[in-house]
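Me: I have a structure on screen and would like to go through it with you. Could you start with the term we will need for the side chains?

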Amino acid sequence: MNKRLLLLLLSFFATHLINAQDEFIARQGQVSFFSYASVENIEAQNNQVLSILDVANKKIAVSMLMRAFVFKKDLMYEHFNESYVESDIYPKATFEGNIIDFDTKASNQVKIIEGNLNIHGITKKTNVKATISKDESAYLITGEFVVLVKDFDIKIPPVLTSNIAKSITLKFTFQYQPYEE
């Protein structure tokens, strides 16, 4: 009887450990954006981005607070949060996707992540090209892609249309460690 109980417990813990090894977390991922404008370029960084990588299911999820973006000028921060992304109404942006043809054994690979990007309360299907690197116990995922302002119903006053680009380049870096509960 004790052998059965011991075997059952070992089986349970072994299954849990295997599943835990398939989940990775980046608690301080980085997302930055750049917008070319004739008057002044706009750029910001967010170093408080949370992301989960599920290697077994080849899935990734990202969540970030819009107010965590840091700008060079306070006025840009204020306009970004109050007038454009309306952070009080839409406090975060999210992405959930599947890594296409992800090879969990490869140490370096470039893959497409197909998913849904939600900004400003609008969700759009998005394909992102990402570089995925792996070492013994961690993953690094980096990449960049372009977002069109109009796709997310972000209004730009007519007076400022020449000052703000219609497309924004987003760059990201996530350093994942094994997820521990």
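Reply: Buried means under 20% relative accessible area, exposed means over 50%, and partly exposed lies in between, with a 1.4 Å probe and protein chains only. This is a predicted model, in which local features need pLDDT of at least 70 and side-chain atom pairs count only at pLDDT 80 or more, while totals for chains, interfaces and linings use all residues. Residues are numbered from 1 along each chain as its sequence is written, and side-chain values use heavy atoms, with hydrogens and water left out.

Me: OK, is N118 buried or exposed?

Reply: N118 is buried, because its relative accessible area is 18%. N118 sits in strand β6, residues 108-119 (strands are DSSP runs of E with at least two residues, helices are runs of H or I with at least four, and both are numbered from the N terminus).

Me: And what does the side chain of N118 make a polar contact with?

Reply: The partner is the side chain of T123, at 2.7 Å. A polar contact is a pair of N or O atoms within 3.5 Å; within protein, one must be able to donate a hydrogen and the other to accept it, and residues adjacent in sequence count only if both atoms are side-chain atoms. Apart from neighbours within four places in sequence, N118 is in contact (heavy atoms within 4.5 Å) with K92, A93, T94 and T123.

Me: Switching to S35, where does S35 lie?

Reply: S35 belongs to strand β1, which covers residues 23-35, and S35 is buried, with a relative accessible area of 2%. A polar atom of the S35 side chain lies 3.4 Å from the backbone nitrogen of A165.

Me: Which residues does S35 touch, not counting those up to four places away in sequence?

Reply: With those left out, S35 touches N41, I42, A165, S167 and I168.

Me: New topic, the largest nonpolar core: which residues touch the most other members?

Reply: They are F33, F69 and Y176, out of 42 residues in that core. β9 gives the most to this core, with five residues. A nonpolar core is a set of buried Ala, Val, Leu, Ile, Met, Phe, Trp, Tyr and Cys residues joined through side-chain atoms within 4.5 Å.

Me: What is F69 in contact with, leaving aside its neighbours within four places in sequence?

Reply: The contacts of F69 are V31, F33, A44, Q45, N46, M64, Y77 and F80.
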